[in-house]
Amino acid sequence: MKMLRRALVALSLAGAIAATLRVKGKGGVPPQEGGWREVSVPPT
Amino acid sequence: MTSPEPHRPIIGVVGCGVTGSRVVAHLAAEGARVAVFDQARSVASATARRVKGIVLDRVNELTACDVVVLCQPAPHLDLAGWLVDEHTAVVSMGDDLDDVRVLLALHDRAARGGVPLVVGAGMAPGLSGLLARYLAPHLAIVDELHVAIHGTAGPACARQHHDALGRTALGWHDGEWIEPPGGSGRDLVWFPEPVQAHDCYRAALADPLLLQRAFPGALRITSRVSATRRDRLTARLPMLTPPHATGDLGAVRVELRGAAAGGERITVIAGAAAPTADLAAAVVAATALQVAITRLAPGAHSLADASVAALELLHHATRLGVRVQEFTGVGRATGW
């Protein structure tokens, strides 16, 4: 019984931490168009 | 023993790990004479043997070199300070924020020693500063610089990144330093191919410190590192899993925002992606070679400084394998 209670507490704590991490970040907006192209860097 | 060739610089490399061994290979391929030192003599011997280099038994033999490259784990302060006092030029690829800060404070000692001390000459700081300097002429006024990095080189680099995520970060915000907690400020960053998008967070990274020196007119400077949720959760604990023995794929992305000559707001973005150790090794090897053959003013420098621009380091880094990429499209505003 004691072990079950501890497991439940651990699971609750893990869930709370995971929820906090998931909602805390506000994220960003990635570029919608375009892409990367390689450029040469000649000596000036 | 053959007679010395005066036109070939002698470059000392301290630390023959994942990045250091690549630096040695680059330097030898470029015709430099290489002397290596590592606490593990067997590692130094194996590295030197591959390039017909010399193994140094004692660290004080480094004073015979034209330039010494510090590739060992932080701190670099004591060795760099001793070398500049001995009139030996130093290139440090260290990225530890505290170490970089005190290395910059060696400026007067390096000037008195009459030698340059190049600080933060790896991927970030290092390549990040070169990309910022490359992008700056696209803008009439640089208001903001934002750096993001992904990936680690050797195990020591991975531990450094892990620790950085758990420490207080550094940023420049509206003309003053801010110290937000590491692991905060999530932002989704699109890195060059093939790395693509990763969530990045504030951490104790040295780029803002060096970029603010190089671009004193900028209002905002940030630096972020990619991390998973597990990385964030465990950042203040010892590393739970051993780091990659040979590092992994890395990328650096630099974004500058400001005004064009006509006053309109513009954003320019450049980056590079490759195995992290390859990027860092190419940059530090190019820097060491150019410092050895070109006259650089005595004192402390970073790769973002205008004083280093004449060395054409980004061009030389591309010769050693760095592929510079520019973002062509609409850079949409992020949470930065």
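Which domains does the domain assignment of chain B give? It gives two: domain 1, covering 10-122 + 280-319, and domain 2, covering 127-278. Those bounds come from an automatic or database domain assignment.

Hi everyone, a word on the ground rules. This is a predicted model, in which local features need pLDDT of at least 70, side-chain atom pairs count only at pLDDT 80 or more, and totals for chains, interfaces and linings use all residues. Residues are numbered from 1 along each chain as its sequence is written, while chains are lettered from A and ligands numbered from 1 in the order in which they are written.

Let's start with chain B as a whole. Chain B has 11 helices and 16 strands. Here helices (H or I, at least four residues) and strands (E, at least two) are DSSP runs, numbered from the N terminus. The radius of gyration of chain B is 19 Å, close to the 20 Å that the globule rule gives for 336 residues, so chain B is as compact as a globular protein of that length. That radius is taken over C-alpha atoms, and the globule rule is 2.2 Å times the number of residues to the power 0.38. Along the principal axes, the C-alpha atoms of chain B fill a box of roughly 60 × 50 × 35 Å.

How much of chain B is made up of buried residues? The share is 56% of the 336 residues. A residue is called buried if 20 or more other C-beta atoms lie within 10 Å of its own, exposed if 12 or fewer, and partly exposed in between, with C-beta atoms placed from the backbone. As for contacts in chain B between residues at least 6 apart in sequence, 72% join residues at least 24 apart. Two residues are in contact if their C-beta atoms, placed from the backbone, lie within 7 Å.

Back to our two domains. The C-alpha centres of domain 1 and domain 2 of chain B lie 23 Å apart. Across the boundary, 25 residues of domain 1 of chain B are in contact with 24 residues of domain 2 of chain B. On the domain 1 side, the elements giving two or more residues are α1 (18-29), α4 (97-104), α10 (276-293) and α11 (313-319) of chain B. The most comes from α10(B), with 4 residues. By residue type, that side of domain 1 divides into 16 nonpolar, 4 polar and 5 charged. In this count, Ala, Val, Leu, Ile, Met, Phe, Trp, Tyr, Cys and Pro are nonpolar, Asp, Glu, Lys and Arg are charged, and the others, Gly among them, are polar.

Now find α1(B) on your screens. This helix has 12 residues and reaches 17 Å from its first C-alpha to its last, close to the 16 Å expected at 1.5 Å a residue. The expected span is 1.5 Å times one less than the number of residues. Why is α1(B) described as largely enclosed by the rest of the structure? Because 9 of its 12 residues are buried. Among them are B:Val18, B:Gly20, B:Arg22 and B:Leu27. The cover over the buried residues of α1(B) includes β1 (10-14), β2, α2, β4 (67-70) and α10 of chain B. Just after α1(B), B:Gly31 takes a positive phi of about 95°.

Next comes α2(B), residues 41-51, where B:Ala44, B:Thr47 and B:Ala48 are buried. They cover an arc of only 95° around the axis, which puts them on the same side of α2(B); the arc is that of the directions from the helix axis to the C-beta atoms. On the other side of α2(B), B:Ser42, B:Arg49 and B:Arg50 are exposed. Covering the buried residues of α2(B) are elements including α1, β2 (33-37) and β3 (54-55) of chain B.

A few loops to finish. B:Lys52, in the loop between α2 and β3 of chain B, has a phi near 55°, a positive value in a residue other than glycine. With 9 C-beta neighbours inside 10 Å, B:Lys52 counts as exposed. B:Asp174, in the loop between β8 (171-173) and β9 (176-178) of chain B, also has a positive phi, near 50°. B:Asp174 counts as exposed, with 7 C-beta neighbours inside 10 Å.
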